[in-house]
Amino acid sequence: MTYGTVYHTPVARSVKHQATRRRRGSLTREQVVEAALTLADQSGLDALTMPNLAGRLECGVMTIYGYVDSKEDLLDAIAQRGLRDLRLPQPLPSDLAGILVSWGRGLRTTLIEHPSLPVIFLTQAVVGPGIFRGVEALLGRLNEAGMPPSAGVHAIYAVLTYATGFVAWEIPRTRRQPQAAYVASWRREFAGLTPAEFPLAGRVLDELGQVAGDEQFELGLTALARGLAI
């Protein structure tokens, strides 16, 4: 009896994709914080979840908890990390108002570069060694200009709360969209109203479109700084 050749067709095996994972111990707290700050700045604080951060770092969620104690600890850490990018002009002005204006401008620039920071500052207390170093440096300059530390600390935080609130105000109005679009929204809304009811407001539509811009910030900052310097 003759047997023909038997051909065995290989059975295709399904291959599961294995997610790339970092080697154990290859992360540092600094890397976790840097990745979290970048994620929050690019996609917003709502996107800063532990699973999203783990995906960006190519590690397990529980791995992250080896470097941060909690979500609050992570937010505190990224706020302090973001403030490390703050730069003030050197040398600083020698007068009190000039020092406070420089502080406010530098802080605003940093908060715009890291748009997640204003929300963190407005929703939780941020305290740490970096904060103390910044306060110490500013108190020293203010003290040299004639303002004692007891008054200086309140002046520093008056400017900080103003700049933080202003940036939180301007980001959705003139940072996430062109300022021209903000101006247009005022005009569009006014077009549906009866002009006779708003004889004064109707004359300042263009100015209303500027209330979340550079000139408005400078107006409030210089007035605040001069008042604090008296």
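## A buried arginine to start with

R108 counts as buried because its relative accessibility is 9% (buried means under 20% relative accessible area, exposed over 50%, and partly exposed in between, with a 1.4 Å probe and protein chains only). Its partner is E170: the two side chains meet in a salt bridge, 2.9 Å from N to O (a salt bridge is a side-chain nitrogen of Lys or Arg within 4 Å of a carboxyl oxygen of Asp or Glu). E170 sits in helix 8 and R108 in helix 5 (residues 96-113), so the pair ties together parts that are 62 residues apart in sequence.

Before going on, a word on what you're looking at. This is a predicted model, where local features need pLDDT of at least 70 and side-chain atom pairs count only at pLDDT 80 or more, while totals for chains, interfaces and linings use all residues. Residues are numbered from 1 along each chain as its sequence is written, and side-chain values use heavy atoms, with hydrogens and water left out.

## The chain as a whole

What is the chain built from? It has eleven helices and zero strands, so called because helices (H or I, at least four residues) and strands (E, at least two) are DSSP runs, numbered from the N terminus. Read along the sequence, that gives the pattern α-α-α-α-α-α-α-α-α-α-α.

Of the chain's 230 residues, 35% count as buried. The chain exposes about 14,300 Å², and carbon and sulfur atoms supply 57% of that area (accessible areas come from the Shrake-Rupley method with a 1.4 Å probe; for residues, only the protein chains shown count as cover). Now take the contacts between residues at least 6 apart in sequence: 71% of them join residues at least 24 apart (contact means heavy atoms within 4.5 Å).

## Back to E170

Is E170 buried or exposed? E170 counts as buried, because its relative accessibility is 0%. You'll find E170 in helix 8 (residues 149-175). Leave aside its neighbours within four places in sequence, and E170 is in contact with R108, I112, R175 and A212.

Two of those names come up again in a network of salt bridges that links R108, E170, R175 and D214.

How many salt bridges does the structure hold? There are eleven. One of them joins the side chains of E34 and R81, at 2.4 Å from N to O. This pair links distant parts of the chain, with E34 in helix 1 (residues 29-43) and R81 in helix 4 (residues 71-83), 47 residues apart. E34 is partly exposed, since its relative accessibility is 28%, whereas R81 is buried because its relative accessible area is 12%.

Another salt bridge pairs D206 with R187, and their closest N and O atoms are 3.1 Å apart. Here too, distant parts of the chain are linked: D206 is in helix 10 (residues 205-208), R187 is in helix 9 (residues 179-191), and they are 19 residues apart. D206 has a relative accessible area of 40%, so it is partly exposed. R187 is partly exposed as well, at 41% relative accessibility.

## The largest pocket

Rolling a probe the size of a water molecule over the atoms shows where empty space is left. The largest pocket has a volume of about 860 Å³. (On a 1 Å grid over the protein atoms alone, a pocket is an open set of points where a 1.4 Å probe fits, with protein on both sides within 12 Å along at least five of seven lines; lining residues have an atom within 4 Å of a point. Grid points are joined across faces, edges and corners, and the volume is the space filled by probe spheres set on the points.)

Which residues are closest to the centre of this pocket? Of the 32 residues that line it, they are L83, R84, G130, I131 and G134. Helix 1, helix 4, helix 5, helix 6 (116-123), helix 7 (129-144) and helix 8 each supply at least two lining residues. Helix 7 gives the most, with seven residues.

## Out on the surface

V61, M62 and Y65 form a nonpolar patch on the surface, with about 290 Å² of accessible area together (patches are made of residues with over 30% relative accessible area and no salt bridge; nonpolar side chains, meaning Val, Leu, Ile, Met, Phe, Trp and Tyr, are joined within 5 Å, and like charges within 9 Å). V61 lies in helix 3 (residues 61-64) and is partly exposed, at 32% relative accessibility.

A191, in helix 9, counts as exposed because its relative accessibility is 67%. The C-alpha atoms of A191 and G202 are separated by 9.8 Å, and the two residues are eleven apart along the chain.
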